[in-house]
Amino acid sequence: MSDITPTLGVVAFSASFSTIWNDIAEELGVGVERFEPDDELPGRAVALIVAAGGEEERALDALPAWSARVGAPLLFVGARASHRFAIEALRRGAADYFALPDDLDLLRRMLAARIETARGRTSKEAQPVTDPFRELLGTSPALQETIATASRVLAHGGVTLLIGGETGTGKELLARALHDGGPRAGEPFVAVNCAAIPEQLLESELFGHERGAFTDAHRAKPGLFEEADGGTLFLDEIGHLPLSLQGKLLRALDDRKVRRVGGTQSRGVDVRIVAATHVDLAAAVRERRFREDLFYRLNVVPLVLPPLRDRGDDVLLLAEAFASQLAARYSLPVPRITPAVRDVLKRHNWPGNVRELQHAVERALLLSEPGTLDPASLAPASGKSASRATADGPIPFPATLTTIQHAAAQAALDRNAGNKSAAARQLGVSRARLQRLLDRKEGDDADDA
Amino acid sequence: MQTTHDPLRAARVAIRTGRFRDAAAALAELPPDTRQAPEWYLLSAMAAWRLGDFSASRQQAFEARARFRAVGDADGEMRAVNVAAAGVFGLGALAEAEDGFSRALQLAQQQGDGLMVARCANNLGNIALYLSQHEAALSFYRRARTGFAQLGFEHGVAETWINTAITYRDRRRYEDALRAADRALDAAERAGSARLLAEAQANRGAAMAGLGDPKLGQIHLERSLTIARSERDRLAEADVLRLLGTAALAVGARAEAVRRGEESLAVARETHHPWAIAESQHDLARAYRAVGRDADAASAFAAAEAAYRTLGATARADAAHREAAGS
């Protein structure tokens with residue numbers, strides 16, 4: 001293990017606040033290295049403080065050259081609490097701007113956080129690069145296969161990607177990881193859910209509009225393509241994109257130009273598109289609901305996130321991780337995952353996937369005795385989600401009555417932790433009737449109500 | 001240590017740390033020559049706004065704007081325009097406030113000030129929400145969030161997610177509201193802001209209650225109330241009390257709904273925030289009706305309607321009117 005002690009670099013343009021750096025460093029348990037502006041600056045430090053109090057303009061001029069070669073975040077410390085000045089410092093390469101003395105506590109907190117991070121890093125000497133997929137927890141082959149494919153395209157910031165997977169499987173998390181781990185990191189990541197925006201507004205939202213383009217367009221507005229320029233535009237639920245807009249999206253992808261609604265000029269944009277869908281786009285193409293040319297344009301590298309029910313013991317791993325994170329959030333003891341809890345977790349099919357699991361664990365954590373997870377507290381959230389599944393879970397939509405009745409019966413059973421009598425009471429049917437509903441298969445006669 | 005004397009520093013720090021009465025007092029004690037500075041007017045406008053004196057805030061912000069413009073300080077002018085718009089917003093002139101924020105947005109775009117662009121977009125989103133233009137509000141919040149995220153300003157990211165959650169809740173899209181509130185909570189944790197944590201928690205609680213899980217919703221709302229009180233954030237406290245009342249009403253705890261609603265209105269009145277008062281009156285009216293206090297309900301509905309009309313929130317005023325007529 002490396003025994004490097006983190007250091008704080010200070011390059012001083014003036015004597016302002018010069019006495020505080022040793023105090024801060026001592027308080028945070030790190031060393032201080034001082035430099036003059038003309039010195040060779042350090043390649044490694046936790047942070048390099050550009051102490052500019054009174055000499056802001058001169059320090060500002062030096063920033064662009066340093067930001068490229070100093071291997072540490074540049075923290076610009078001045079005496080001017082000017083909003084615009086701070087923006088200028090950030091634009092020239094500073095990681096943050098602090099106006100002392102007002103921002104002293106803020107600066108101290110930020111340094112403490114950076115030092116903590118640096119200490120964590122030095123204790124993991126074999127991990128020079130943080131894993132961008134670290135938030136996609138799981139060891140199942142199904143997930144690991146997707147992550148392996150994603151890793152291979154990580155460096156190619158121009159490749160269009162299509163992520164498939166049910167609701168709650170982590171499609172945006174994967175898109176975000178691809179952005180953060182790739183060459184466009186640091187540029188905008190703009191996420192939009194195509195299903196959440198009314199069709200008549202979606203064009204203006206994506207491509208912007210000029211003033212007077214329509215009744216309510218009192219002023220011009222850039223679209224999300226322009227907002228994402230240089231970065232990534234994540235188009236969630238792309239299957240809901242109306243046919244009328246699919247052609248415009250295809251042109252934007254091919255020409256790398258967009259035209260605002262009501263506009264006469266095209267604007268160049270450099271945007272990487274990551275699209276996602278929970279529906280079968282190939283089927284949508286066959287049914288002529290989705291343009292074939294756009295499908296193939298998007299489907300350059302398909303990535304599919306598996307549903308939680310197909311990820312084996314990942315459900316337990318995730319539940320433990322959520323329990324630990326959430327216990328910290330709510331200042332509660334970390335609960336043990338007992339065999340009874342494991343049983344409930346494994347038995348439920350999690351139609352809402354990881355997101356449903358997270359909420360179920362949170363619910364159980366908050367409603368159980370501190371330090372425990374009551375299996376019964378996991379159940380109500382599970383039952384509720386089963387009804388959601390009729391629209392966007394594993395049950396196809398539209399579904400046959402048989403399928404829906406079977407799902408309702410299964411949901412009631414889940415909600416009551418496998419207790420068939422309780423489930424039957426809840427549904428208002430006999431236990432035998434419940435069993436018949438559970439045993440039904442597609443094609444059985446459903447009309448026996 | 002080499003420092004320059006800055007007579008406005010104490011007021012600036014007080015405003016930044018939320019001590020608005022201290023800021024106003026510090027500004028009032030400054031010598032006459034300092035009180036001619038454009039920033040003095042700007043800080044006075046900010047303090048007055050936070051203290052609920054929107055008229056004074058607006059007047060001082062306009063003065064600040066003129067003085068910043070006279071000295072060619074475009075940055076100061078832009079900030080003054082933004083505060084003036086906020087003052088107008090507080091007075092309930094939503095159309096005029098919208099113009100002001102739009103002007104500030106334009107100035108910020110000209111200066112390439114991404115942070116101010118994001119702030120103005122967020123404010124314009126709030127106006128759209130008050131006008132019940134939900135899709136426009138969501139669009140503004142989306143734009144603001146992109147700007148805040150680009151600058152790594154997690155406070156702003158959290159605020160836009162909170163506002164997004166409120167917008168979805170207003171539309172009864174509780175799943176979306178919960179998702180937005182989840183994001184708000186993550187951002188608030190990254191920002192390390194107790195105030196934002198409280199607001200995010202409250203929105204999660206309200207969304208969970210809306211999704212049919214009032215027990216868990218109430219736990220989140222109670223936690224949020226504790227944080228709001230410990231932070232002495234009266235506006236957040238009024239909002240959480242109102243949401244607790246709504247959640248209580250949803251599970252049939254009518255007396256509890258009235259108690260929470262009355263508490264909410266009392267706290268909202270202390271903040272002088274016209275929107276918070278109107279919202280509290282509206283929800284309290286529903287609680288009064290539920291317990292059969294029809295005269296109180298009618299009075300509260302009428303007060304809410306009048307307040308919404310003063311604010312220019314016509315759709316909400318009409319809704320309150322319809323509900324009152326239904327009693």
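## Two paired strands in chain A

Strand β3 (residues 47-51) of chain A runs parallel to strand β4 (residues 74-78) of chain A, and four bridges join them. Strands here are DSSP runs (E, at least two residues), as helices are (H or I, at least four), numbered from the N terminus, and two strands pair if DSSP finds at least two bridges between them. Within this pair, Val50(A) sits opposite Phe76(A) of β4(A).

A word on the model: it is predicted, with local features needing pLDDT of at least 70 and side-chain atom pairs counting only at pLDDT 80 or more, while totals for chains, interfaces and linings use all residues. Residues are numbered from 1 along each chain as its sequence is written, chains are lettered from A and ligands numbered from 1 in the order in which they are written, and side-chain values use heavy atoms, leaving out hydrogens and water.

## The sheet around them

β3(A) and β4(A) belong to an open sheet of five strands in the order β2-β1-β3-β4-β5 (chain A), with parallel pairing. At its edges stand β2 (31-35) and β5 (96-99) of chain A, each with a single partner strand, so one side of each has no neighbour in the sheet. Neighbouring strands are turned by 25° against each other on average, direction ignored.

Helix α1 (residues 20-28) of chain A packs on this sheet, touching β1 (7-12), β2, β3 and β4 of chain A, and its direction makes about 150° with that of β2(A). Contact means heavy atoms within 4.5 Å; axes are lines fitted to C-alpha atoms, for helices over the stretch in contact, and angles run from 0 to 180 degrees between N-to-C directions.

## Buried strands of chain A

How many residues of β10(A) are buried? Five of the five in strand β10 (residues 232-236) of chain A are, where buried means under 20% relative accessible area (exposed is over 50%, partly exposed in between; 1.4 Å probe, protein chains only). Thr232(A), Phe234(A) and Asp236(A) cover one side, and Leu233(A) and Leu235(A) the other. Strand β7 (residues 189-193) of chain A is joined to β10(A) by five bridges in parallel, with Phe189(A) opposite Thr232(A). Four bridges link β10(A), also in the parallel sense, to strand β13 (residues 272-277) of chain A, where Val274(A) stands opposite Phe234(A).

β13(A) also pairs with β6(A), in the parallel sense over four bridges; there Ala275(A) is the bridge partner of Leu162(A). In strand β6 (residues 161-164) of chain A, Leu161(A) and Ile163(A) point one way and Leu162(A) and Gly164(A) the other, all of them buried. Strand β14 (residues 301-304) of chain A pairs with β6(A) as well, parallel over four bridges, and Val304(A) is the bridge partner of Gly164(A).

## Helices that pack together

In chain A, helix α12 (residues 314-329) packs with helix α14 (residues 353-367) at about 50°, their axes 9 Å apart. The two are therefore oblique to each other, since angles under 35 degrees count as roughly parallel, over 145 as roughly antiparallel, 65 to 115 as roughly perpendicular and the rest as oblique. Residues that meet here include Phe322(A) in α12(A) and Val361(A) in α14(A).

In chain B, helix α8 (residues 134-150) and helix α9 (residues 154-170) pack at about 165°, with axes 8 Å apart, which makes α8(B) roughly antiparallel to α9(B). Among the residues making the contact are Tyr141(B) of α8(B) and Trp161(B) of α9(B).
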